[in-house]
Structures are given as structure tokens and as C-alpha cells.
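Open the model in your viewer and keep the selection panel at hand. The stops below go from aromatic rings to the core and then to a pocket.

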Amino acid sequence: MKLYITPGSPYARMARIVVLEKALGSRVEVIAAKTRVAHSPYYGINPSGRVPYLQCDDGVGLEESALICAYLDHLDGDPLFDPPAGDAGLEARRLEASARSMLDGLSVWGREILRPENERSPGVIRHERDRARRMVDLWESEVARPLMRGPLNMAQLTLACALGLEARNPGFLWRPGHPKLCNWFEEIGARPSFAATAPPGAAAASSAPPHGASRRTRKRRRARGRRA
């Protein structure tokens, strides 16, 4: 099978994480696709030009991250990411839908800031920035839910990929004022599958000091210099 991705896509990252969590590396070839360019050869493989896209062994193509993740999860007949039965399953779907809503809004924001400056919509950027702020506030409390603390599931995976977009969007400063979310993200981000699929620039973003810390650090250094 061939999984077409772009390194910065959070949707493709979800599929890549499932490949690693399910130990499917020997069965799935991950290929970087060229998207958003005219006449890309990738359009001959997937006419929509979107990622992720999974070309199965029988030639059938699957598009849309949730579908691809479910397909990969069920390949061995022992799925890890199926929601539980009953009320817990409804809660899992609710949390996943909320995380997906946040991810979708952030993706719109991210695409807008990649446009040439004279083509960007300040209204769209403002709307998605405000939406992201509200969603981060919501998740500061939702992250304490038992399903966000247990075995890895699609709600956790989706939320982590959304928060990871801080590496791609300098305006998405979600960490200040959200200590619970920061701790949760650091824990899940330490998983090998998340570390291996971190978007470009994520290392610099995750190692950056908290908001305001760099200013404090500079003050301490100047103070030490004066004492010396």
C-alpha cells in the first residue's frame, strides 16, 4: 500500500501515526506528494489533490483521514482505535468531533496565512483565531476527561495533531494560561509515533520557553552580567 502525505498536513499526520502505532511500516509505503502546484503528477493518482490518500493493494484509493485511519486500524483484525460500546462510545465520538472541529478551523487559518499577503482575508483569519482561542479554553477542562487520559484513541490523536499546528502557525499561541493542556500535550507528544511525525518546525516550537519566559531569561542574564 502507498500512503500519500505532505509533511505539514495534520490530517496526513493522523494516518502516519496509526501506521506507526499499528506497526504497519513494512506494509505501507509513505510517499510525500506535491500538492497545490500546477500539473503535479500526484493529480494523476488522486484527482482531488488532497492528502492523506491511501492506495490499497488492489488499486482502490481511500481519501479522508478518518476513513484511512479506520481502514489501517482494522487490517490485522485487532483494532485499537474503535470507540467503546454504549455511552462511552458516544462520549468518545463527542470528544473526537470537538477535536476535529478545532483542527478544521486551524487548518482554514493555516491555509489563509499561506496565501500571498494581498490575497489574505483578515476576516477569515480573525474568525479562526477567535474560534481557536475558544476551543483551547474548552479543551483546558475537557482534557481531564477519562477518555483523554486512557489508552490512545482518535479523540486524543486528533487533538494532539491540532495542537501541533503551533509549529506551522506563529499566531497560534495556545500554551499561555493552559497548564493542563500543556502537560497533556507534552505527555502524548513523547510517544515515538508523535515524535516521528512532528510537523516541520515543531522541534523549535516545543522547545521554546513559555510566553514571557524569554523576557524573564534576558532580565536574569543582564542581572548576572551586572553582578559579574
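Start by selecting Y4, Y42 and Y53, which form one aromatic cluster. The model is predicted, and it holds four aromatic pairs. One of them joins Y4 and Y53: the pair is tilted, with 6.5 Å centre to centre and 45° between the planes. Y4 sits in strand β1 and Y53 in strand β3, so the pair ties together parts that are 49 residues apart in sequence. Y4 is buried, at a relative accessible area of 7%, and Y53 is buried at 11%.

Next, select W109 and F172. Their rings form an edge-to-face pair, 6.3 Å centre to centre and 70° between the planes. W109 belongs to helix α3 and F172 to the loop between α5 and α6, 63 residues apart. W109 is buried, at 4% relative accessibility, and F172 is buried with a relative accessible area of 4%.

Around M102, show its contacts, among them M135, W139, L159 and F172.

Last, go to the largest pocket, with a volume of about 1,000 Å³. Of its 31 lining residues, select S9, Y11, R36, V51 and R111, which lie nearest its centre. Colour the lining by class to see 11 nonpolar, 10 polar and 10 charged residues. Helix α3 gives the most to this lining, with nine residues.

Definitions and conventions:
Residues are numbered from 1 along each chain as its sequence is written. This is a predicted model: local features need pLDDT of at least 70, side-chain atom pairs count only at pLDDT 80 or more; totals for chains, interfaces and linings use all residues. Side-chain values use heavy atoms; hydrogens and water are left out. On a 1 Å grid over the protein atoms alone, a cavity is a set of points where a 1.4 Å probe fits but cannot get out, and a pocket is an open set with protein on both sides within 12 Å along at least five of seven lines; lining residues have an atom within 4 Å of a point. Grid points are joined across faces, edges and corners, and a volume is the space filled by probe spheres set on the points. Helices (H or I, at least four residues) and strands (E, at least two) are DSSP runs, numbered from the N terminus. Ala, Val, Leu, Ile, Met, Phe, Trp, Tyr, Cys and Pro count as nonpolar, Asp, Glu, Lys and Arg as charged, and the others, Gly among them, as polar. Contact means heavy atoms within 4.5 Å. Rings of Phe, Tyr and Trp (its six-membered ring) pair if their centres lie within 6.5 Å; planes under 30 degrees apart count as stacked, over 60 as edge-to-face and the rest as tilted. Buried means under 20% relative accessible area, exposed over 50%, partly exposed in between (1.4 Å probe, protein chains only). Lists of a residue's contacts leave out its neighbours within four places in sequence.
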